[in-house]
Amino acid sequence: MDCSEDRAYRLLNEYSNGFMISQVLFTACELGVFDLLAEAPEPLGSAVVAARLGTSPRGTELLLDACASLELLTVETRGERAVCQNTELSRTFLARASPKSQHNMQLYLSRTTYLCWGHLAAAVREGKNQYTKAFGVPSNELFTAIYRSEAEQLQFMRGLQEAWSVHGGAVMAAFDLSPFPLICDLGGGSGALARECVSLYPECRVIVFDVSEVVRMAKKHFSFPGEEQVSFREGDFFKDPLPEADLYILARVLHDWTDEKCSHLLARIHHTCKPGGGILVVESLLDEDRRGPLTTQLYSLNMLVQTEGRERTPAEYSTLVSSASFWGFQFKKTGKIYDVILVRK
Ligand SMILES: C[S@@+](CC[C@H](N)C(=O)[O-])C[C@H]1O[C@@H](n2cnc3c(N)ncnc32)[C@H](O)[C@@H]1O
């Protein structure tokens, strides 16, 4: 093979084996490998890991070896024994107790998203999500589909919240939000982004608006006693009256919906928004020529298999918001996964 053919073949293998890499990561999270090693006072050998997790010695050894090559673990030899411990990556992002842990998102990707991606070919053929094939749930009943059980809903809410422990600060700091004392986070889920907002702008108050199932779970599992600046309101943002506010946050909301439904929601916000107020859209933005970033293109396919929506370019968002009579479109790339758009009424 010449050099370019060699590279092409390596790339091909990397892509076709990509799902195995995801599964190694998901499985180590599911089994609690990173939590065990985070809690252990010293590095552990694979036999000890297997005994403590109640897993097979052979399977555990193979899993830990793969984790080491993926830089999820480090291995050192002590006498006759190889022992392993977490790397910076797994200590920070995978051990459950870390403040920046992304553990729940890995479990959600493994237990829900991965199953939908098994039907990507059908999604591309049909142009719609694959909940019916993956879980036997009608694809037009997104809520039944996304919130199939309380446990799965909690997993989803925890997974979504985890992203803001990494990106929330940059997203909230992208624009000066101090002129907006009353903010409404529409589809705000657990309230994680709202809390990032009030920690940066201590003078502001945020109302988190979401469907009743989500608000109930948010109050039960995510709210803090004595929390004054963040409150919750339940309702359907397509039908029910929206809380009056100076600024509406739409974080990872528009990407769930068709252009028609986005326009309907934006028109409703325009109707309720105070004059001089605005909307802060937080999404992963596609490049204008749609050639990247790859992560956003993959998220767009994820929207295909799991929702009615897609990721969009800044120009596409600009068209949507200006057709709802908002003006002054500005966007900022944060350099992280999520970018920010501000428009005014
Ligand atoms: C992808 S999640 C994003 C959550 C949060 N904004 C974040 O970025 O972490 C979409 C949110 O929109 C909420 N949502 C969907 N349809 C809704 C509706 N019709 N009315 C109110 N909230 C809705 C969902 O319950 C969910 O919390």
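View 1. Of the 18 residues around the ligand, Gly187, Asp210, Asp236, Phe237 and Ala251 come nearest; a residue counts as near a molecule or strand if one of its heavy atoms lies within 4 Å of it. Before you explore further, please note that this is a predicted model, in which local features need pLDDT of at least 70 and side-chain atom pairs count only at pLDDT 80 or more, while totals for chains, interfaces and linings use all residues. Residues are numbered from 1 along each chain as its sequence is written, and side-chain values use heavy atoms, with hydrogens and water left out. Sorted by class, the shell around the ligand holds 10 nonpolar, 4 polar and 4 charged residues. Here Ala, Val, Leu, Ile, Met, Phe, Trp, Tyr, Cys and Pro are counted as nonpolar, Asp, Glu, Lys and Arg as charged, and the others, Gly among them, as polar.

View 2. Look for Asp210, where a polar side-chain atom lies 2.6 Å from an oxygen atom of the ligand. Trp164 also places a polar side-chain atom 3.0 Å from a ligand oxygen atom. At Ala251 the backbone takes part: one of its polar atoms is 2.7 Å from a nitrogen atom of the ligand. Taken alone, the ligand exposes 590 Å², and the protein buries 95% of that. These accessible areas come from the Shrake-Rupley method with a 1.4 Å probe; for residues, only the protein chains shown count as cover.

View 3. Buried means under 20% relative accessible area, exposed means over 50%, and partly exposed lies in between (1.4 Å probe, protein chains only). On one side of β7 you will find Leu247, Ile249 and Ala251, and on the other Tyr248 and Leu250, all of them buried. Helices (H or I, at least four residues) and strands (E, at least two) are DSSP runs, numbered from the N terminus, and two strands pair if DSSP finds at least two bridges between them. Strand β4 (residues 182–186) pairs with β7 in the parallel sense over 3 bridges, and Asp185 has Ile249 as its bridge partner in β7. Strand β8 (residues 278–283) runs parallel to β7 and is joined to it by 5 bridges, with Val282 in β8 as the bridge partner of Ala251.

**View 4. An open sheet of 3 strands.** Follow the order β1-β3-β2 to trace this open sheet, whose pairing is antiparallel. Which strands stand at the edges? They are β1 (44–45) and β2 (73–78), each with a single partner strand, so one side of each is left without a neighbour in the sheet. Between β1 and strand β3 (residues 81–86) there are 2 bridges in the antiparallel sense, and Leu44 has Cys84 as its bridge partner in β3.

**View 5. Two residues with positive phi.** Glu71 is not a glycine, yet its phi is positive, at about 65 degrees. You can find Glu71 in the loop between α5 (57–69) and β2, where it is exposed with a relative accessible area of 58%. Arg290 is another residue other than glycine with a positive phi, near 65 degrees. Arg290 sits in the loop between β8 and α15 and is partly exposed, at 28% relative accessible area.

**View 6. A cis peptide bond and a loop contact.** Gly292 and Pro293 are joined by a cis peptide bond, with omega about -10 degrees. Pro293 lies in the loop between β8 and α15 (294–306). Next, find Thr307 in the loop between α15 and α16 (314–323). Is Thr307 buried or exposed? With 8% relative accessibility, Thr307 counts as buried. A polar atom of the Thr307 side chain lies 2.9 Å from the backbone nitrogen of Gly309.

Note on methods:
Polar contact = N/O pair within 3.5 Å; in protein donor to acceptor, adjacent residues only side chain to side chain.
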